[in-house]
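Here is a short report on one structure. It moves from a strand and its partners to a helix, then to the ligand and a loop residue.

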Amino acid sequence: MTNIQASGSPNSELNNGIEQIAEIVRESSYVVGMTGAGMSVESGIPPFRGVDGLWTKYGAPKMDGYSQFKKDPTGWWNRRTNEKIDDHIIELRDALATAEPHAGHYALAELEKIGSIRSLVTQNIDALDEKAGLENLIEIHGNRTKLRCIECGDRESLGDFVPLFAPDPCKKCDGLVKFDTVMFGEPIPSDVMASARAEIDKADCVLAIGTSATVRPASGLLWIAEASGATIIEINPTETKLTSICKVSLRSTAGEALPMLLQSLSA
Ligand code: APR
């Protein structure tokens, strides 16, 4: 395992690290990307853990959001006014409202176009990957711009309208509708979990970018990939739980490393 402490370009450590990752990607037949909140930090969205993390700043939220919602969905929706929403939600929501994809998102979309990566499993709900042009995209924690029926899984786009009060029941099955974003305590919808697992099962290399690899079941997919022989690569300014199983762990950021990786693989 090469643990490359390289950040702050241009430097030979960083360039060597990029070249090592590019070599592994060239030699692989099915590379899957797995991104976390760190992928969107350079778009102005705070991560959850580590430096500047929302949970670091405000403390981790209660893990019963989903059960609270199901207990009183109308009350949950009616509390969607600023006065009664936690500070961390307001800070995240304000950042999400103005965030745009950065060079790293566009580099990932280009890496998919040239076939270097075959799909992207993202834990992010910010819809920036879709906006940057990623096509084979699995949003394992949902998408903040969509509503989802918790009975039949039907999803519809919010458009510009963010409901403050309970939306109508599902048009297809009359079921309870919530934001598509997966709440703490909510099972990951079976369709996206199946799609993510199917991609991981095909991967002979997983490129983990900007994730602390701490939240299961999403992060568990990384160890499942490794157990079935896939090469794990990490791009993250800090070490994580994943570092020890990575063939290359590059101390860099998504916005710095991904355009360099694209340049190397497009040459
Ligand atoms: N580029 C790449 N990585 C970065 C950057 C950056 N510019 N800035 C920070 N990071 C790294 C941090 O070092 C950290 O390891 O991104 C990681 C962010 O970790 P988390 O905040 O834990 O985010 P994530 O792994 O996506 O969390 C998983 O937890 O709270 C839930 O639902 C939430 O989807 C989220 C899940």
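## A covered strand and its surroundings

Cys205, Leu207 and Ile209 point one way from strand E8, Val206 and Ala208 point the other way, and all are buried. The model is a predicted one. In a regular strand, side chains alternate between the two faces of the sheet. E8 spans residues 205-209 and is mostly covered, with five of its five residues buried.

E8 has strand partners. Strand E2 (residues 31-35) pairs with E8 in the parallel sense, over five bridges. Within this pairing, Gly33 stands opposite Leu207. Strand E9 (residues 231-235) also pairs with E8 in the parallel sense, again over five bridges.

**Helix H6.** Helix H6 covers residues 103-113. Its buried residues are Gly104, His105, Ala107, Leu108, Ala109, Leu111 and Glu112. What covers them? The cover includes E2, strand E3 (119-122), helix H7 (128-132), E8 and helix H10 (254-266). After H6 comes Gly115, which has a positive phi near 85°.

**The ligand.** There are 23 residues around the ligand. Phe48, Arg49, Thr211, Ser212 and Asn236 come nearest.

| Residue | Protein atom | Ligand atom | Distance |
|---|---|---|---|
| Glu42 | polar side-chain atom | nitrogen | 3.0 Å |
| Phe48 | backbone N or O | oxygen | 2.7 Å |
| Gln123 | polar backbone atom | oxygen | 3.1 Å |

On its own, the ligand has 730 Å² of accessible area, and the protein covers 90% of that.

**Thr240.** This residue is found in the loop between E9 and strand E10 (248-250). Is Thr240 buried or exposed? Its relative accessible area is 16%. Buried means under 20%, so Thr240 counts as buried. A polar atom of the Thr240 side chain lies 2.9 Å from the backbone nitrogen of Leu242. Leaving aside neighbours within four places in sequence, Thr240 is in contact with Thr211, Ser212 and Glu234. Thr211 and Ser212 are also among the residues that come nearest to the ligand.

How values were computed:
Residues numbered from 1 in each chain as written. Predicted model: local features only at pLDDT ≥ 70, side-chain atom pairs only at ≥ 80, totals over all residues. Heavy atoms only, no water. Buried < 20%, exposed > 50% of the residue type's maximum accessible area, 1.4 Å probe, protein only. Helix = DSSP H or I, 4+ residues; strand = E, 2+ residues; numbered from the N terminus. Pairing = 2+ DSSP bridges. Contact = heavy atoms within 4.5 Å. Near = heavy atom within 4 Å. Polar contact = N/O pair within 3.5 Å; in protein donor to acceptor, adjacent residues only side chain to side chain. Areas by Shrake-Rupley, 256 points an atom, 1.4 Å probe, with all protein chains shown as cover.
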